[in-house]
Amino acid sequence: MSVRANLEEIKSTLQANMSSGDNPSLPNVIAVTKYVTIERAKEAYEAGVRHFGENRIEGFLAKKEALPDDVTMHFIGSLQSRKVKEVINDVDYLHALDRKSLAKEIDKRADHTINCFVQVNVSGEETKHGVTLDEVMPFIEMLQQYEHIRVVGLMTMAPYTDDQPYLKSIFEQLKHKRDEIQAHKLAHAPCTELSMGMSNDYAIAAEAGATFVRIGTRLVGKEE
């Protein structure tokens with residue numbers, strides 16, 4: 001299928017699964033283009049996509065250079081502190097802030113305020129990055145010392161499973177934590193956004209209140 005057809009199907013699914021009262025509009029669809037060519041990314045742009053996500057610096061910079069200036073670029077992967085200087089001032093949103101050393105390096109290298117999602121390991125899987133739910137509030141309070149960091153929301157990667165009730169509970173726990181942080185009205189951490197849901201579980205994430213979903217293969221496919 002074309003990217004345009006895939007996008008229409010995704011939007012239809014999102015519309016049907018929006019959390020009543022929580023999301024006045026559809027979640028933003030981030031096209032995760034790490035497995036596809038620049039040409040395929042451009043097809044996504046022509047279909048109406050304006051948010052693009054990459055988790056590798058080389059791919060991120062290549063897509064940013066090739067796509068029109070009105071796109072919003074999301075760095076969605078774990079970022080090594082020593083690599084921050086190579087990419088941070090080209091990032092519109094960083095989805096994987098999960099440790100003090102990374103925050104310190106971002107603050108040192110950024111020439112403007114960086115919109116960051118704090119990555120939360122809700123499931124507790126050892127293979128996943130992120131702070132625990134209990135660590136979120138202390139971590140965000142600590143970030144106040146870094147003038148170039150703005151915490152716009154929380155991000156999580158759910159386990160790859162067909163257990164829909166379990167997935168729903170993961171996403172709802174993140175939403176509850178987001179609401180808790182937001183209630184504190186911290187100047188450096190408005191925490192209004194939720195980045196959660198990928199190709200296999202974005203509908204469940206939307207139902208739980210996602211404001212950004214990160215969709216790769218279901219939207220742009222995967223190069224052979």
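Tutor: The second largest pocket has a volume of about 160 Å³. Keep in mind that this is a predicted model. Start with the lining. Leu7, Lys11 and Leu14 are among the residues that line this pocket.

Two elements give two or more residues each to the lining: helix H1 (3-17) and strand E1 (28-32). H1 supplies the largest share, with 3 residues. Next, sort the lining by class. There are 6 nonpolar residues, 3 polar and 2 charged.

For context, turn to the largest pocket. About 530 Å³ of space lies there. Its lining has 24 residues, and those closest to the centre are Val32, Lys34, Tyr35, Met157 and Met198. By class, that lining divides into 9 nonpolar, 11 polar and 4 charged residues.

Cysteine 116 is in no disulfide, and the nearest cysteine sulfur, that of cysteine 191, is 12 Å away. A disulfide needs the two sulfur atoms within 2.5 Å. The sulfur of cysteine 191 has its closest cysteine sulfur in cysteine 116, and because 12 Å lies between them, they are too far apart for a bond. Cysteine 116 is buried, with a relative accessible area of 0%. Cysteine 191 is buried too, at 0% relative accessible area.

Methods: Residues are numbered from 1 along each chain as its sequence is written. This is a predicted model: local features need pLDDT of at least 70, side-chain atom pairs count only at pLDDT 80 or more; totals for chains, interfaces and linings use all residues. Side-chain values use heavy atoms; hydrogens and water are left out. On a 1 Å grid over the protein atoms alone, a cavity is a set of points where a 1.4 Å probe fits but cannot get out, and a pocket is an open set with protein on both sides within 12 Å along at least five of seven lines; lining residues have an atom within 4 Å of a point. Grid points are joined across faces, edges and corners, and a volume is the space filled by probe spheres set on the points. Ala, Val, Leu, Ile, Met, Phe, Trp, Tyr, Cys and Pro count as nonpolar, Asp, Glu, Lys and Arg as charged, and the others, Gly among them, as polar. Helices (H or I, at least four residues) and strands (E, at least two) are DSSP runs, numbered from the N terminus. Buried means under 20% relative accessible area, exposed over 50%, partly exposed in between (1.4 Å probe, protein chains only).
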